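Please read them with the structure open beside you.

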Amino acid sequence: MTATTGETAPPKAIAAQGLRKAYGEKVVLDGIDLSVVPGTVFALLGPNGAGKTTTVQILSTLISHDGGTAEIAGHDLDRHPDAVRDSIGVTGQFAAVDGLLTAEENMLLIADLLHLDRAEGKRRAAELLERFEIADVARKPAATFSGGMRRKLDLAMTLVGRPSVIFLDEPTTGLDPRSRRTMWDLIRDLVAGGTTIFLTTQYLEEADQLADRIAVLDDGRIVAEGTAEELKRRIPGGHIRLRFNDIHHLNAATDRLALSTVTRDDDELTLQVPSDGSIPVLRAVLDVLEGSGIQAEALTVHTPDLDDVFLALTGQDRRTVAVGTAVGTAVKEAQR
């Protein structure tokens, strides 16, 4: 059956427009817009003090905002805060686990706070303890758990109420690499089941591994947004490295790819051509070589990583970059 144009699209998991927050003269959020598709991971990156935690606190109804609008799972943040709270789960920077209680008691406490009946609370606790591989230590005090185990318990507690949207504010801070990867697997499983994850993190590899889309927050503003690959292509430093088997081919390639930023190494017989890593730019370079009868012995593509994105787009050294378009145009000119 063909859908009609009159059908309305499902609500965004998170939709915010012009969100603002200030403390006196200190502006923390300066009119940010967010749009998060259900069943995806959206990562918010930024330096310390950029406003990441403030954003999470506002969207999870923990603090008020000074301007703008927001909806969570289709519920207006201002008009229906209780409905928002019923739809979300929050895991903060520090595990909200009572060390004096056992893992099972922590789970049952959350079930009581959510007003689940006793039988349902026990069933839900047992299910999640098993799912997060904590069942064998369910009756041990949480104070005896490792950091990774406490984080797993914290996330399990967040899921007792079956939230459709989960805010994870730096969830793997302080975890060892093995525990961090375990947490990544748990997050992937949640998203595969339809849960939406709003993630803030200081670990850029984490965003690269998990996020469907990434926004970079700096000085209270969103300075860039896109997939990890889209953001990487915006940053200078990407290049195609060509290696030749003799100086004649190197000279010919230098002449045909005569961009001002081409770098040659006569000792290594290599030529470095700026590139955003996209297929059109790579194809353009290969077309220039083939059209001129120039043979390269080897070709490698180097692209910036999220560390480069973070450094280029945040702080005092932030600058506007549009290398992909400029390089693509220059290489196409060389084809003529």
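1. Is Gly39 buried, partly exposed or exposed? The model is a predicted one, and in it Gly39 has a relative accessibility of 25%. Buried means under 20% and exposed means over 50%, so Gly39 counts as partly exposed.

2. Gly39 sits in the loop that runs between strand E2 (26–36) and strand E3 (41–45). Its contacts, leaving aside residues up to four places away in sequence, are Val191, Gly194, Thr195 and Thr196. Thr196 is 157 residues from Gly39 along the chain, yet their C-alpha atoms are separated by 4.4 Å.

3. In soluble globular proteins, nonpolar side chains tend to be buried together.

4. Leu153 is worth checking by eye. Not counting residues up to four places away in sequence, Leu153 touches Val97, Ala103, Asn106, Met107, Leu129, Ile134, Ala142 and Phe145.

5. What is the volume of the largest pocket? The value is about 600 Å³. There are 21 residues in its lining, and Arg85, Ile88, Gly89, Val90 and Leu114 are the closest to its centre. Two or more lining residues come from each of helix H2 (81–87), strand E6 (88–91), helix H3 (103–113) and helix H5 (147–158). E6 gives the most, with 4 residues. By type, the lining divides into 9 nonpolar, 8 polar and 4 charged residues.

6. Most residues other than glycine have a negative phi. His115, however, has a positive phi, near 65°, and Asp219 also has a positive phi, near 55°.

7. Where are these two residues placed? His115 is in the loop between H3 and helix H4 (118–131), while Asp219 is in the loop between strand E9 (213–218) and strand E10 (221–226). His115 counts as exposed because its relative accessible area is 70%. Asp219, with a relative accessible area of 53%, is exposed too.

8. Finally, the annotation. An unreviewed UniProt entry places the feature "domain: ABC transporter" at residues 14–244. In the model this span is 35% helix and 28% strand, and its end C-alpha atoms lie 51 Å apart.

Conventions
Residues are numbered from 1 along each chain as its sequence is written. This is a predicted model: local features need pLDDT of at least 70, side-chain atom pairs count only at pLDDT 80 or more; totals for chains, interfaces and linings use all residues. Side-chain values use heavy atoms; hydrogens and water are left out. On a 1 Å grid over the protein atoms alone, a cavity is a set of points where a 1.4 Å probe fits but cannot get out, and a pocket is an open set with protein on both sides within 12 Å along at least five of seven lines; lining residues have an atom within 4 Å of a point. Grid points are joined across faces, edges and corners, and a volume is the space filled by probe spheres set on the points. Ala, Val, Leu, Ile, Met, Phe, Trp, Tyr, Cys and Pro count as nonpolar, Asp, Glu, Lys and Arg as charged, and the others, Gly among them, as polar. Contact means heavy atoms within 4.5 Å. UniProt positions are given in the numbering used here, feature names are shortened, and annotations may be inferred rather than shown by experiment. Buried means under 20% relative accessible area, exposed over 50%, partly exposed in between (1.4 Å probe, protein chains only).
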